[in-house]
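Trainee: Could you pick one part of this model and walk me through it slowly? I'd like to see what surrounds it, and then how the neighbouring parts are put together.

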Amino acid sequence: MRVPELEPALVEQWRAGGGELIDLFTLAQARLGGVAAFRLGPSPTVLVTAPEAVQHVLALRPDRYVKRSHRARLLIGDGLLAATGEAWQRQRRLLQAQFTGRGMRRYEQRIAEAARTAAARWAAYARTGQVFDVGGEMRRFALDTIWRALTGHPLDPGTERELAAVPAVVAALPSLPADGAAAQGAVAAELARIDAVAGLAIAAARDGEAGPDGPGLLHVLIEASGTRPEYTDRLIRDELVTLLVAGHETTATTLTWLYLLLDRHPQAREQALAAGPEGSAERRQAIQALVHETLRFYPSAWILPRSAAQDDVLTGYGIEAGTDVLVCPYLTHRDPGLWEDPERFDPGRFTTPGRRPAHPGGYLPFGIGPRACLGLQFALRESTVLLEHLLPAPTPRFRSVPSKAVYSITVRPDGPTPAVLAG
């Protein structure tokens, strides 16, 4: 049986109206269901949002639905997010132990220090009444956290200034020329700044320099180069930049959305703080629910592209080899067949049993299956620790809020988020 396909006239109507891709996806899902096709070229693209189909593509048959070139390859090179095949397996094995169990424990102190540093800045803003950008503060915190994890050093002003090139390149990616050389040239200055920072950090790690909290993830990569010839300085640079991008851009965006949502739903903050005293398991659970509900609205990976490596049958539909398949957690998370009143911000979905889909394909802000984000626990931990510090403090009062979302590598607010802190 063929995947139901959106009528060409509707696709042309969408194209003529200058709509976003998410608008086309939403139309296809609404008309055709959780496995739907549309044509933007000669061949159909298959959109997957039904949880059974999501699990099939990402978790049960990852060998049949493979990643091709990552959209950010120009920035991250052959880092883990872009790697495929045996190279990906080797790189994943090396890093996996760093983000689970005992590996995570070595980052607890670094996360706490970064959160305390951010809380001190917010306390100063509250004293002075200074206008500040909430999104900028979240990027600063998340970058400080991942830099401490990578190098063992807190983020210094010079490094912070140079690494502003990372979000600049990420924001530019959707509008870069299709030609690789032209795209490279368009962001050459930013890439040079990133390469310079990475080169200095790698050289320091090779010299044995460790930070106040000891060696970091970068030292793990350096050690690997001693026994694994594939870990050249270039691959170490690519892994370093991959971890910088994945380790701060998504967390910062999530925390920014969370505060924008709390601005519209202040009772959610009060409920989290009332769940238990400071440091209690009850309050931590309530704060984690805030994070999870924000990730339901704005998942870190809003779209997961795959290519069918061979013919397959997907929940009864025939999929031909070579077909582009797009898994869209953003739409799965807003499916009224899975989530009660999905457009309502309700963190209680994640504290009350039975209020979220039981199917593993129903909630996947970091993906599922073997290519699920390695940094899931790290991201949840740093977000929770920061909010434990900031939620009891004066709350941001926004001077203006972005009017829409931008669907790029992440789903990010379209514009600045200036605010003052109000008691």
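Mentor: Let's start with strand β12, residues 418-422: five of its five residues are buried, so the strand is largely enclosed by the rest of the structure. "Buried" means under 20% relative accessible area, with exposed being over 50% and partly exposed in between, using a 1.4 Å probe and protein chains only. Strands here are DSSP runs of E with at least two residues, helices are runs of H or I with at least four, and both are numbered from the N terminus. Keep in mind that this is a predicted model, where local features need pLDDT of at least 70 and side-chain atom pairs count only at pLDDT 80 or more, while totals for chains, interfaces and linings use all residues. Residues are numbered from 1 along each chain as its sequence is written, and side-chain values use heavy atoms, leaving out hydrogens and water.

Now look at which way the side chains go. Pro 418, Val 420 and Ala 422 point one way from β12, Ala 419 and Leu 421 point the other way, and all are buried. As for partners, two strands pair if DSSP finds at least two bridges between them. β12 pairs in the antiparallel sense with β4 (residues 132-133) over two bridges, and Asp 133 sits opposite Pro 418. With β9 (residues 395-398), β12 is again antiparallel, this time over four bridges; there Thr 395 faces Ala 422.

Next, hop over to β2 (44-48). β2 pairs with β1 in the antiparallel sense over five bridges, and the two form a hairpin with four residues between them. Val 35 has Val 48 in β2 as its bridge partner. β2 also runs parallel to β8, joined by four bridges, with Thr 45 opposite Asp 324 in β8.

The buried residues of α2 pack against β1, β2, β8 and β10, and against the helices α1 and α17, where contact means heavy atoms within 4.5 Å. Those buried residues are Ile 22, Leu 24, Phe 25, Ala 28 and Gln 29. Seen down the axis of α2, they fall within an arc of 160 degrees, taken from the directions from the axis to the C-beta atoms, so they line one face of the helix. Just after α2, Gly 33 takes a positive phi of about 100 degrees.

Finally, find the second largest pocket, about 320 Å³ in volume. Among its 18 lining residues, the closest to the centre are Pro 44, Gly 318, Ile 319, Glu 320 and Thr 323. β1, β2 and β7 each supply at least two lining residues, and β2 gives the most, with three. A pocket is an open set of points on a 1 Å grid over the protein atoms alone where a 1.4 Å probe fits, with protein on both sides within 12 Å along at least five of seven lines; lining residues have an atom within 4 Å of a point. Grid points are joined across faces, edges and corners, and the volume is the space filled by probe spheres set on them.
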